[in-house]
Amino acid sequence: MAQLEQPVLGLPGGWELRPWLLSDADALVTASQDQAIRRWNRLLVNSPEEARQRIERMRQRWQAELSAIWAIARPDSGAMGLIGWGDIDLKEGSAEIVYWLLPAARGGGVTAEATGRISRWALNDLGLHRLRLCHSVANPASCRVADKAGYSLEGTMRSALLHADGWHDEHLHALIQGDI
């Protein structure tokens, strides 16, 4: 990964996945204030300066081969969401997906399309073997994303993640090399 430039990946409906830009800082601040995003993600960004620092860390983590995070956007416009791979382990061939969308972009299937697209990239281009998608059992929208993107439900991890309202059981979905 460190030797590669992060690619721009096309999606149906005029969307694309592209690296985050410093000019996208306001989108991170806005997302941090959205109740649905804050409920399911540990995103807390209090200022544009914090957002720019976070965007710079995204670039550093790509170079360190630890994560691969894209902005979900329309060409030539600001970020409307985030999707990517955290916890990348190139040696063991695995990673875990993270994502969110701002309210104006929700409901059109873009998260499932983006999940499918970066999953193909991770398996085919990056050469990973196993991809994880974990979400609170109280978040049925993420269950639908996993299903639409071809992930198999493997089980429930009890009391696996601490959210603002307490510990949540999580569904574990996975996609492995050869599933798609």
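Predicted model: local features only at pLDDT ≥ 70, side-chain atom pairs only at ≥ 80, totals over all residues.

Mentor: Residues are numbered from 1 along each chain as its sequence is written, and side-chain values use heavy atoms, with hydrogens and water left out.

Trainee: Which element of the chain has the lowest mean pLDDT?

Mentor: The term pLDDT is the predictor's confidence in each residue, from 0 to 100. The chain has a mean of 94, and 100% of its residues reach 70 or more. Helices (H or I, at least four residues) and strands (E, at least two) are DSSP runs, numbered from the N terminus. Strand β3 (residues 68-73) has the highest mean, 98, and the lowest, 87, belongs to helix α2 (residues 35-40).

Trainee: How many disulfides does a search of the whole structure find?

Mentor: A disulfide is a covalent bond between the sulfur atoms of two cysteines; here the criterion is a pair of cysteine sulfur atoms within 2.5 Å. The cysteine sulfur closest to that of C134 is in C143, and at 11 Å it is too far for a bond. The search therefore gives a count of zero.

Trainee: Is T115 buried or exposed?

Mentor: Buried means under 20% relative accessible area, exposed over 50%, and partly exposed in between (1.4 Å probe, protein chains only). T115 lies in helix α4 (residues 110-125), and it touches residues including I83, Y99 and L133 (contact: heavy atoms within 4.5 Å). Because its relative accessibility is 0%, T115 counts as buried.

Trainee: Which residue forms a salt bridge with E96?

Mentor: A salt bridge is a side-chain nitrogen of Lys or Arg within 4 Å of a carboxyl oxygen of Asp or Glu. For E96, the closest N and O atoms of the pair are 3.5 Å apart. The pair links distant parts of the chain, strand β5 (residues 94-101) and strand β6 (residues 130-136), 36 residues apart. The partner of E96 is R132.

Trainee: In which helix do R59 and E56 both lie?

Mentor: The side chains of R59 and E56 meet in a salt bridge at 3.4 Å, N to O. R59 is partly exposed at 36%, and E56 is partly exposed at 31%. The two are three residues apart, about one turn of the helix, and that helix is α3 (residues 48-63).

Terms used. Lists of a residue's contacts leave out its neighbours within four places in sequence.
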